Every structure is written in structure tokens, then in C-alpha cells.
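Reader: I am new to this protein and would like to be guided through it. Could we begin with the overall layout?

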Amino acid sequence: MPRFSRFHVLYSGNPNPAPGRKFRQIVAGPSEDHTFYEVRIFEGDSVQKDPDFNAVRGMEYYSHDTAEAADKDADQERDRSVAAGWVLFDPTNR
């Protein structure tokens, strides 16, 4: 079973390996102890590919009582990010 029910990746600047590229990742899924659901938002210069990662620094974090609420929050944050100028990243179309 995948760790996250949502995993949105966006970028600003050039999506190909080049200076100035920045990625924004928005994920939703169960907490590690499975007692609630969480949305994590973080930025970096590479795409996180490890399904069990746990970003600690520079991360926004929101907890939710249900998976549906966490998924909705992650999707809304994706939409707000696109409206702010971020572009959805498609790893198959570099």
C-alpha cells in the first residue's frame, strides 16, 4: 500500500536539471502511528522519490481527522500553488 494518498509535485523555473530550479511537493496520508491524517508541504531542489521519507526542516504540516479531509486540503494547496505560479511537474515529460 502506498504511503501517501496524494503526492503533488510542482516546480518553478526550469524543470530540467539546471540552476534555479525549485520543486514544491505536497503529500497527504496517514500519520506514522495511523491515528490521524496529515498533509506535508515542502520545497527543495530535487524531487523526493522515497515513499517513506520524513522531511523535518522547512516543512509545513497540517493534521486532519479523516483521509478525505487531508486529500481535499492537499488538492486545494496544489490549486493555490498553481494559481501562485507553480507548474505541475510531469516526470515523463522533461
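Reader: In what order do the elements run from the N terminus on?

Author: This is a predicted model. From the N terminus, its elements follow the order β-β-β-β-α-β, which comes to 1 helix and 5 strands.

Reader: How many Å apart are the end C-alpha atoms of helix 1, and what span should its residues give?

Author: Helix 1 covers residues 67-83, and its end C-alpha atoms lie 24 Å apart. That agrees with expectation, because 17 residues at 1.5 Å a residue should span 24 Å.

Reader: Which residues of helix 1 are buried?

Author: They are Ala70, Asp71, Asp73, Ala74, Asp75, Glu77 and Ser81. These buried residues pack against strand 1 (6-12), strand 2 (22-30), strand 3 (37-44) and strand 4 (59-64).

Reader: And what comes just after helix 1?

Author: Gly85 is found there, with a positive phi of about 110°.

Reader: What does Val39 touch, leaving aside residues up to four places away in sequence?

Author: Its contacts include Ile26, Ala28, Tyr62, Ala70 and Ala74.

Reader: How much of the protein is buried?

Author: Of the 94 residues, 34% are buried. The accessible surface comes to about 5,900 Å², and carbon and sulfur atoms hold 50% of that surface.

How values were computed. Residues numbered from 1 in each chain as written. Predicted model: local features only at pLDDT ≥ 70, side-chain atom pairs only at ≥ 80, totals over all residues. Heavy atoms only, no water. Helix = DSSP H or I, 4+ residues; strand = E, 2+ residues; numbered from the N terminus. Expected span 1.5 Å × (residues − 1). Buried < 20%, exposed > 50% of the residue type's maximum accessible area, 1.4 Å probe, protein only. Contact = heavy atoms within 4.5 Å. Areas by Shrake-Rupley, 256 points an atom, 1.4 Å probe, with all protein chains shown as cover.
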